Each structure stands twice: as C-alpha cells, then as structure tokens.
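The points below concern strands, helices and the ligand shell.

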Amino acid sequence: MTGASKGIGRAIAVVLKSAGYQVIGTSRNPESIQNKIEGVSYLPLDLMDEASIEECRAQAGPVDILINNAGGSSLWPAAEGPLAKVRDLFQLDLFGPIKLIQGVLPDMMRRRTGFILNIGSMAGRFAVPYQSAYSSAKFALAGFTWSLRNEVKSFGIQVVLLDPGDIRTSIEPTVHFRPDSGFQTDMSRFIRNREVRMAEGSDPAVVGKKVLKILRAEDPRPFYTVGGGAPAMAFFKRFLSDRFIEKQIKKSVGLK
Ligand SMILES: NC(=O)c1ccc[n+]([C@@H]2O[C@H](COP(=O)([O-])OP(=O)(O)OC[C@H]3O[C@@H](n4cnc5c(N)ncnc54)[C@H](OP(=O)(O)O)[C@@H]3O)[C@@H](O)[C@H]2O)c1
C-alpha cells in the first residue's frame, strides 16, 4: 500500500487493517509519520528513485495485494510547464508505479495469485485544464492498467483501476506559474475554484470502503469510481457528447 502516511492511502490502510489484512504501508520518511496506524508496518519508498523502489519491494517480501496509491498532481498552463516537471510527475504517477508492479509480478505469477489496484483519478477520464501533466499521467495509468489486466488474468492476477473524484485531503499540486503568463487570469480563477472543490470533496474513508469492496468482489471489473460525484460523472459520460462534456468541465473548474 503505497503512500499510507496520510490522505487516501492512510484511509485505505485503516479500513484494510480493521478488516483483518496484514498491511505494509509506505512513506518517503516513515519515521516522520504523525498518526501511525496500530498494527500497520511502514517501509520507506520514494517513487522518484528506482533504487528505493527496488529496496522497498525487496523489504516487503512476497506481496498478495499491491495498491499503488502514492502520487501527486500538477498545476500549470500546458503551454508553459517545464518538461522536467512534466517528467517528474510522470515518474511519480506512472513510471514509479509501473516499476513497482514489474517488481511484484514475477512472484505473483509464480504463485498464480495476486491483486494489483491502481489509484487513478477522474482527471484520467476527463482531462482537466491546467492539470495537463496530472491528467495525462492518469490517462496513461488507465491504459497501462487495462493492457496489463488482460496479460496477467490467466495467471490468476486481478488488475483494477479505481478513479476517485474530489476527495478532501491535503494533496498539494506542484505549481508552475509565470507572473507574465498570458494564462494568469484563468489560472487564478482555476486555483480559487479548486480550493473550494477540494474543501467540499468526499471523506477519504469512502475510498477505503470502496477498496475493500473491490478486493472482495468475485470478478472485479477493470474500472471503478468513488467519491466527489465520480460515479454519476462516469455514468453520464456514456450518453453525452464530447462537446457537452467539455463545456461542463470548463464550468465545473470555474472557466468560461
Ligand atoms: N485527493 C483527491 O481529490 C484525489 C482525487 C483523485 C485521485 N487522487 C489520487 O489519490 C492518490 C493519493 O492522493 P491524496 O489526495 O491522498 O494525496 P496526499 O494526501 O498528498 O498523499 C500522498 C501520498 O503519497 C506519498 N508520496 C508523495 N510523494 C511520494 C514519492 N515521491 N514517493 C513515494 N510516495 C510519495 C505521500 O507520502 P510521504 O509524503 O509520506 O512520502 C502520501 O502518503 C494519488 O495517486 C492521487 O492522484 C486524489
């Protein structure tokens, strides 16, 4: 269970621990975790560092369920985001999780059992303005999840993506904002709107409960949604035109 120190990851760890699972949670700095969950063991993991990913996998030993939750987000105009920052976010939200998955899969395949649950985002279903790096990394994670799912199913391994809507956590996007930017007005509006949306988001506990339900499903689907109005958004997306959806997205993030 990556990123168990706070937010959604901590909430998932709480639910799984109380349901009787043996939970190993990760943090870049486990010693600094304020409110550790009793009975959960913590390992260091920095997804920005391949050696740390390998070390964490080795320390964890055989894993029955891998939950790729740790991640971050971005906030900058697509036209101005430095490529280094885009790459960093892809490392955190896509390449790091892929490396971890590749680390645990050989053992799962040998044992012909396993469950990989990736935490995506509704931003990986509806591209969000000013969050192009985050949205594109989460779209890519969805694609990776679906490809992998159909490669390892015959080994008895389940692969699922869970997309939360807005969830009330302290997630802080990496911001890149040039004072001379032509996008200043729209981006300021977006930032104000985001603060309101996050404050009104769902309790992270709903994600924990959903994860437990997915892990207990007899034949889990490839994709799930949870919280922040995400299930309704996913449902209506099937019937609405791209043009209509685009207008609604702009409106919902405070853009004209
Ligand atoms: N909050 C939302 O509205 C929302 C919506 C949709 C999807 N999500 C997704 O849900 C996941 C968790 O988000 P959250 O809101 O709970 O965020 P959060 O409260 O900021 O927690 C992020 C977690 O990721 C870990 N982390 C950060 N950088 C890391 C790194 N370089 N290497 C390893 N671990 C790292 C943090 O652990 P340490 O700081 O202890 O290392 C922390 O436990 C993310 O994948 C996010 O994209 C969130």
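1. Two strands pair if DSSP finds at least two bridges between them; helices (H or I, at least four residues) and strands (E, at least two) are DSSP runs, numbered from the N terminus. On these terms strand 5 (residues 114-119) and strand 6 (residues 157-164) are paired in the parallel sense, over 6 bridges. F115 stands opposite Q158 in strand 6.

2. The model is predicted: local features need pLDDT of at least 70 and side-chain atom pairs count only at pLDDT 80 or more, while totals for chains, interfaces and linings use all residues. Residues are numbered from 1 along each chain as its sequence is written.

3. Angles here run from 0 to 180 degrees between N-to-C directions, and axes are lines fitted to C-alpha atoms, for helices over the stretch in contact.

4. The axes of helix 1 (residues 7-18) and helix 6 (residues 205-216) come within 8 Å and cross at roughly 50°. Helix 1 is therefore oblique to helix 6 (angles under 35 degrees count as roughly parallel, over 145 as roughly antiparallel, 65 to 115 as roughly perpendicular and the rest as oblique). The residues that meet include I8, A11 and I12 in helix 1 and V207, V211 and L212 in helix 6; contact requires C-beta atoms, placed from the backbone, within 7 Å. By class, this contact has 10 nonpolar, 1 polar and 1 charged residues. Ala, Val, Leu, Ile, Met, Phe, Trp, Tyr, Cys and Pro count as nonpolar, Asp, Glu, Lys and Arg as charged, and the others, Gly among them, as polar.

5. Helix 2 (residues 50-60) and helix 3 (residues 83-111) pack at an angle of about 35°, with axes 10 Å apart. E50, I53, E54 and R57 of helix 2 make the contact with G96, K99, L100, G103 and V104 of helix 3. The classes are 3 nonpolar, 2 polar and 4 charged residues.

6. What surrounds the ligand? The shell has 28 residues, the closest being G3, G7, S27, R28 and G71; a residue is near if its C-beta atom, placed from the backbone, lies within 6 Å. Helix 1 supplies the largest share, 3 residues. By class, the shell has 10 nonpolar, 14 polar and 4 charged residues.

How values were computed
Contact = placed C-beta atoms within 7 Å.
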